[in-house]
Amino acid sequence: MYLRHKSRPKDGKDHVYWQLVRSVRRNGKVRQETVAQLGELDAAGRAKAQALARRISGRGDQRDLFEEAPPVATSVEVRLDQIRVERDRSFGAVWWGWVLWQALGLDRVCRELLPRGRQGAQWAHLAAVLVIARLCEPSSELHIAEDWFRRTALEDILGIPAATLYDEQLYRALDKLLPHKEALEQQLQHRLGELFAVEYDLLLYDLTSTYFAGEANYNPLAQRGYSRDHRPDCKQVNIAVIVTREGIPLGHEVFAGNVSDVKTLKQIVESVERRYGKARRIWVMDRGLSSQKNVAWLEQEGRLYVVATPRSEWKRWRAQLEDQSGWQMLRDDVEGKLCVAEEGKLSFVLCRSAQRRLKEKAMHQRFAARIDTALTKLERRLQRSKKPLARAPIDRQLGRLLQRNSRAAARYQIELIDDATVPATVCLQWSIRADWERAAEISEGCYVLRTNVADFTAQQTWQTYVQLTQAEAAFRIHKSELSIRPVWHWKERRVRSHILVCFLAYVLWKTLEQWQSKAGLGNSPRTLLEEFERLRSTDVVLPLTQDPAGELRLRCVVRPDKAQAILLQRMGLRLPERIRITEDDLRRAGKM
């Protein structure tokens, strides 16, 4: 068995799950006595795990699809030489996806919002297919229809024959799902609050971008702008996500790729207040959103915030940054100082991080070295030239050099001077600005936080701000685990639907992460999904002895191995053993 865990506990204690993983890796297989000693729960532990599972998963319709063992033992004679196995399917990961989908009440909401089509299309189930596929194996709608779906047991779980599923049906399901974005987000906000006692008193807001594959000429969202994906050659779309302090998503919005961050704040805040009321909540944002206009707008109706100030405001606090008194430790490598603005209504917290200082210093040195080398080379070329050189190309060369190394560009005073006494007719003069170096030395590793929460200390302000890492983690998961990029759709509504599906898959991801964490299994959903991906369902066909043309067909789920059984036990779930076979299944098998 191969397991990998992305987040080792930081308390120094050996976690049961980690002990199990190490024993598997060391021995190549799981010995029963080792698993029993390290992994299995006692009766009290099993009861607690089952109570957690009942609270999260509730009772889902998927139970109707599974057969229980017959109450009375029956026996038939079969031909052992003709027993065979058919219809192998991947079961465990998609079963997990369906359990999570039902736990969030999305099956019920989608049935209410997406009634069957005229041709019997089950739009609610097709929406589940799109989201579960994005969670388990992110791919295009074409790949889902032609390959992925038929390899999974979703056909049995949802009752959708693989032969009837095609890509155009999934595209239309995207179109059906999009108009209900707000209703879905409100359901998730309500249900996640019930499951995990989520508080919405503090909201983290951040933006990212994802790029298009292709020109997307007819999509107004597809524009060129600041690319966080380092793909300035591609058009892009911007995505804003609002999450709680635990990283639980509350909602998302989509903006054109050329919309600047500061222009998105008002729409997001008003959208949240329209749906969830104007409760006194704290908005946490990075410096890209904290323009003076935005901050003034937040303060108009008494909205509370914690934001990082733009670099342009650092000059205001230079004296306090240089003053070594009044600093306190916020963390092992972070110091802070609380400063109150003159009007007494705002607090500013000056922060300096040792690790961040080393990083920024190394960046300045790297960019400065590039500029030094390029300027020296250009100066030497001008001195050695035997003929006049045009001034305009040299100006453009200098502009490109400073643009590529903008973090250290202000360090230099550069002049290109006309000089008729030299063959090149121009000469380069440059020097290093001592005031810039001094300012960089003071500001490296420093940042300034601004808040209008009256009773916040420096520690509370900083701790509130650093929770923005939850929003950043949401973007990382969208891009790495859920493959939100690149976007292949070219219609605007399909792009919005694609992002909505990724958002719903992220909610399933966070639900599994919370469940896993409360069960004492760390916080790596991908580990569980990859492990249970190995669990299969299959048809066991038993030819009957008394009836040569007859056979008994059992649709079984492969029993989990010992380690998988322990994972299920700790999550409080029981894997079904057999799946109900419908008349349509028998008809397709040629037995009716």
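Reader: Is Arg87 buried or exposed?

Author: This is a predicted model, and in it Arg87 has a relative accessibility of 19%. Buried means under 20%, so Arg87 counts as buried.

Reader: Where is Arg87 found, and what is its phi?

Author: Arg87 is part of strand β2, residues 84–90. Its phi is positive, about 60°, although the residue is not a glycine.

Reader: What about Ala216, which has a positive phi too?

Author: Its phi is about 50°, and Ala216 is not a glycine either. Ala216 lies in a loop, between β3 (202–211) and β4 (236–244). With a relative accessible area of 12%, Ala216 is buried.

Reader: Which peptide bond is cis?

Author: The one from Arg485 to Pro486 is, with omega near -10°. Pro486 sits in the loop that runs between α18 (469–480) and α19.

Reader: Switching to the sheet. What is the strand order?

Author: The order is β5-β4-β3-β6-β7-β13-β10-β9-β8, nine strands in an open sheet with mixed pairing. β5 (249–256) and β8 (328–331) are the edge strands; each has a single partner, so one side of each lacks a neighbour in the sheet. From one strand to the next, the twist averages 25°.

Reader: Which helix packs on the sheet?

Author: Helix α12, residues 292–300, does, touching β6 (282–285), β7 and β13. The direction of α12 makes about 165° with that of β7.

Reader: How do β7 and β13 pair?

Author: They run antiparallel, joined by three bridges. Val306 stands opposite Thr451 of β13.

Reader: And β10, why is it described as largely enclosed?

Author: Seven of the seven residues of β10 (347–353) are buried, so the rest of the structure largely encloses the strand. Ser347, Val349, Cys351 and Ser353 point one way, while Phe348, Leu350 and Arg352 point the other way.

Reader: Which strands does β10 pair with?

Author: β9 (residues 334–340) pairs with β10 in the antiparallel sense over seven bridges, and Gly336 is opposite Cys351 there. β13 (residues 446–451) is also antiparallel to β10, with six bridges. Cys446 in β13 is the bridge partner of Arg352.

Reader: Now the core. Which residues touch the most other members of the largest one?

Author: Trp96, Trp148, Tyr205 and Trp515 do, in a nonpolar core of 148 residues. Helix α19 (residues 492–518) gives the most to this core, 14 residues. A second, separate core has 15 residues, including Met363 and Val426.

Reader: What does Trp96 touch?

Author: Leaving out residues up to four places away in sequence, Trp96 touches Leu512, Trp515, Leu529, Phe532, Met571 and Leu573. Trp96 also belongs to an aromatic cluster with Phe91, Trp95, Trp515 and Phe532.

Reader: How many aromatic pairs are there?

Author: The count is seven. In one of them, the ring centres of Phe91 and Trp95 are 6.2 Å apart and the planes are at 20°, so the pair is stacked. Phe91 is buried at 0% relative accessible area, and Trp95 is buried at 4%.

Reader: Last one: which rings have an Arg charge sitting over them?

Author: Trp297 has the charged end of Arg303 over its ring, 4.2 Å from the centre. Phe367 has that of Arg366, 5.2 Å from the ring centre.

Key:
Residues are numbered from 1 along each chain as its sequence is written. This is a predicted model: local features need pLDDT of at least 70, side-chain atom pairs count only at pLDDT 80 or more; totals for chains, interfaces and linings use all residues. Side-chain values use heavy atoms; hydrogens and water are left out. Buried means under 20% relative accessible area, exposed over 50%, partly exposed in between (1.4 Å probe, protein chains only). Helices (H or I, at least four residues) and strands (E, at least two) are DSSP runs, numbered from the N terminus. Two strands pair if DSSP finds at least two bridges between them. Rings of Phe, Tyr and Trp (its six-membered ring) pair if their centres lie within 6.5 Å; planes under 30 degrees apart count as stacked, over 60 as edge-to-face and the rest as tilted. A charge sits over a ring if NZ of Lys or CZ of Arg is within 6 Å of the ring centre and within 35 degrees of the ring normal. Axes are lines fitted to C-alpha atoms, for helices over the stretch in contact, and angles run from 0 to 180 degrees between N-to-C directions. Contact means heavy atoms within 4.5 Å. A nonpolar core is a set of buried Ala, Val, Leu, Ile, Met, Phe, Trp, Tyr and Cys residues joined through side-chain atoms within 4.5 Å.
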